[in-house]
Amino acid sequence: MIKKSKNPSEEVNEKETNAACEETKDTEEVKDDAQEAQSEEIAVDENQKKLDELNDKYLRLLAEYDNFKKRTVREKESIYVDSVGETVTALLPVIDNFERALASFSAEEKDGELYKGIEMIFNQTVETFEKLGVKKIEALGCEFDPELHNAVMHIEDETVTDNTIVEEFQKGYTYRDKVIRYSMVKVAN
């Protein structure tokens with residue numbers, strides 16, 4: 001076979017054409033790579049945005065759950081305090097009646113078994129209230145405090161300083177710094 005020789009200028013043109021084709025291919029490949037990189041970058045940005053949104057939702061949900069737990073604990077404690085307060089309030093007339101019963105005995109009767117029995121029940125009830133955290137409000141001889149005392153009478157007495165409680169008609173009680181019943185008192189002006 002005879003090989004036809006090419007003209008040197010044709011050879012140069014062919015090489016230039018081949019080089020130009022390769023450059024075009026390379027340019028197209030670079031453009032394709034750039035487009036792929038750009039689309040991947042966009043996808044990464046979108047995924048990051050979704051991740052940030054989900055993370056934000058998670059943190060908000062976690063905060064809401066934490067607030068829910070705290071609120072539930074406070075509500076349970078409040079229910080307990082209110083329940084004990086209502087129960088003690090219902091039992092306070094029993095204490096009052098024990099005090100009246102003990103005050104009704106004469107000096108000779110205080111040695112009797114009936115007095116001792118009533119006194120034991122009264123003391124046990126008072127101890128139980130103290131264990132629960134119920135405290136008696138001090139009133140007699142103290143200065144009148146409208147947050148603790150209920151003044152039902154006033155007297156003019158120059159021997160006592162102003163706003164001093166001179167008589168207590170009904171004892172007051174507190175439970176966990178909350179007044180369950182105000183003391184009914186007589187105050188000197």
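Modeller: Let us begin with L59, which lies in helix α1, spanning residues 8-104. Helices (H or I, at least four residues) and strands (E, at least two) are DSSP runs, numbered from the N terminus. This is a predicted model: local features need pLDDT of at least 70, side-chain atom pairs count only at pLDDT 80 or more, and totals for chains, interfaces and linings use all residues. Residues are numbered from 1 along each chain as its sequence is written, while side-chain values use heavy atoms, with hydrogens and water left out.

Biologist: Is L59 buried, partly exposed or exposed?

Modeller: Buried means under 20% relative accessible area, exposed over 50%, and partly exposed in between (1.4 Å probe, protein chains only). L59 has 46% relative accessibility, so this residue counts as partly exposed.

Biologist: Which residues make the nonpolar surface patch?

Modeller: Patches are made of residues with over 30% relative accessible area and no salt bridge; like charges are joined within 9 Å, and nonpolar side chains (Val, Leu, Ile, Met, Phe, Trp, Tyr) within 5 Å. Accessible areas come from the Shrake-Rupley method with a 1.4 Å probe, and for residues only the protein chains shown count as cover. Here, Y58, L59 and L62 make a nonpolar patch of about 300 Å².

Biologist: How many salt bridges does the structure hold?

Modeller: A salt bridge is a side-chain nitrogen of Lys or Arg within 4 Å of a carboxyl oxygen of Asp or Glu. The structure holds 7 of them. One of these joins D66 and K70, whose closest N and O atoms are 3.4 Å apart. Both residues belong to helix α1 and are separated by 4 residues, about one turn of the helix. D66 has a relative accessible area of 33% and is therefore partly exposed; K70, at 45%, also counts as partly exposed.

Biologist: Where in the chain do K171 and E99 lie?

Modeller: These two residues form a salt bridge, with the closest N and O atoms 3.0 Å apart. K171 is in the loop between β3 (164-170) and β4 (173-175), and E99 is in helix α1, so the pair ties together parts that are 72 residues apart in sequence. K171 is partly exposed at 22% relative accessibility, and E99 is partly exposed at 22%.

Biologist: What does K186 form a salt bridge with?

Modeller: Its partner is E167, and the closest N and O atoms are 3.0 Å apart. This pair links distant parts of the chain, with K186 in strand β6 (residues 183-188) and E167 in strand β3, 19 residues apart. K186 counts as buried because its relative accessibility is 15%, whereas E167, at 33%, counts as partly exposed.

Biologist: Which residues is R181 in contact with, leaving aside its neighbours within four places in sequence?

Modeller: Contact means heavy atoms within 4.5 Å. With those neighbours left aside, R181 is in contact with L92, D96, I137, Q170, K171, G172 and Y173. R181 is found in strand β5 (residues 178-181), and this residue is buried, with a relative accessible area of 14%.

Biologist: How many residues has the largest nonpolar core?

Modeller: A nonpolar core is a set of buried Ala, Val, Leu, Ile, Met, Phe, Trp, Tyr and Cys residues joined through side-chain atoms within 4.5 Å. The largest one has 16 residues, and those with the most contacts inside it are V88, L92, F129, V134 and Y175. Helix α1 supplies the largest share of this core, 7 residues. Not counting residues up to four places away in sequence, F129 touches V88, L91, L92, I95 and V134.
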